[in-house]
Amino acid sequence: MLTERDCAEAINRLREFSNPIRASGAERYFKHTVKTFGATSAQVRALAADLYKTIKKQWNVQDAVALCDLLFPEPELESKAIGSLILSRFKKDFPESLFPRIEGWLAADLLDNWASVDVFCTDGMPALIEMYPELVGDIKKWCFHPNRWVKRASAVSFIKLARKRNSSPQSTKSPSRFSRCRRPRPEANGWLLREAGKTDEKRLERFLLRHGKAIPRTTVRYAIERFPESKRKQLLGMTK
């Protein structure tokens with residue numbers, strides 16, 4: 001069973017990686033205010049794996065959710081990441097009731113930066129979607145949510161699924177949602193399209209030629225990053 005001591009241990013071990021110089025550089029990288037210990041991504045992932053080894057036989061998914069409830073309000077990026085990474089280890093046991101809890105975390109700004117949203121959504125959310133496909137419609141609706149991190153999650157949650165050949169840009173986000181979701185972070189939508197295009201560039205090209213004029217330019221630019229320069233220029237010109 002989770003205890004506050006478990007949470008304190010995770011944070012104390014993160015403090016061991018504190019690097020003020022790296023932390024200062026990382027905090028300047030973001031356009032909005034964030035806090036960080038200055039740990040590297042490799043250090044955070046290694047710590048999450050190590051912590052999981054110590055609790056996996058005693059914990060269940062509800063303990064991992066409770067850990068997120070304790071770690072997500074912490075200001076540092078690494079604390080939020082540890083909660084996300086450990087919860088994702090229990091993804092085979094995710095209950096459908098986890099969905100409103102996730103929406104609550106996002107809407108309450110507990111994952112209040114693109115890095116924390118991306119860590120959480122690129123692993124845990126695809127598992128939840130595949131287990132409960134009826135949630136797809138609800139996640140698409142996040143595109144219209146007033147909270148920008150919920151909006152970002154509406155795109156990033158589908159990133160891993162978009163890499164699969166049997167998915168498509170249309171099945172993960174409709175063109176109308178692209179045109180209406182211009183704020184914030186249209187690059188997240190472009191990332192989603194770019195990942196879908198990795199399995200079939202022609203499919204992505206057809207999609208952009210058909211719907212590109214309704215999509216923010218930033219989204220289009222991110223979507224075509226993997227195309228040759230000549231093709232990028234052509235698509236930018238044809239989607240004005």
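A residue is taken as buried when its relative accessible area is under 20%, as exposed when that area is over 50%, and as partly exposed in between (1.4 Å probe, protein chains only). By this criterion cysteine 121 is buried, at 0% relative accessibility, and cysteine 68 is likewise buried, with a relative accessible area of 0%. The structure holds zero disulfides, a disulfide being counted where a pair of cysteine sulfur atoms lies within 2.5 Å.

The model is predicted: local features need pLDDT of at least 70 and side-chain atom pairs count only at pLDDT 80 or more, whereas totals for chains, interfaces and linings use all residues. Residues are numbered from 1 along each chain as its sequence is written, and side-chain values use heavy atoms, with hydrogens and water left out.

Secondary-structure elements are DSSP runs numbered from the N terminus (helices, H or I, at least four residues; strands, E, at least two). Helix H3 (residues 41-55) comprises 15 residues and reaches 21 Å from its first C-alpha to its last, close to the 21 Å expected at 1.5 Å a residue; the expected span is 1.5 Å times one less than the number of residues. Buried positions in H3 are Val44, Leu47, Ala48, Leu51, Tyr52 and Ile55. Seen down the axis of H3, these buried residues fall within an arc of 135°, so they line one face of the helix; the arc is that of the directions from the helix axis to the C-beta atoms. The face of H3 turned away from the buried side carries the exposed residues Ala42 and Lys53.

The largest pocket has a volume of about 460 Å³. Its lining consists of 19 residues, of which Ser41, Leu77, Ala81, Ala115 and Val119 are the closest to the centre. Two or more lining residues come from each of helix H2 (20-29), H3, helix H5 (77-88) and helix H7 (114-121), and H7 gives the most, with five residues.

Two cavities of 30 Å³ or more were counted. The second largest cavity holds about 50 Å³ of space, and its lining is formed by Arg194, Gly197, Lys198, Glu201, Leu204, Ala223, Arg226 and Phe227. Helix H14 (186-197) and helix H15 (201-211) are the elements that give two or more residues to this lining.

Terms used. On a 1 Å grid over the protein atoms alone, a cavity is a set of points where a 1.4 Å probe fits but cannot get out, and a pocket is an open set with protein on both sides within 12 Å along at least five of seven lines; lining residues have an atom within 4 Å of a point. Grid points are joined across faces, edges and corners, and a volume is the space filled by probe spheres set on the points.
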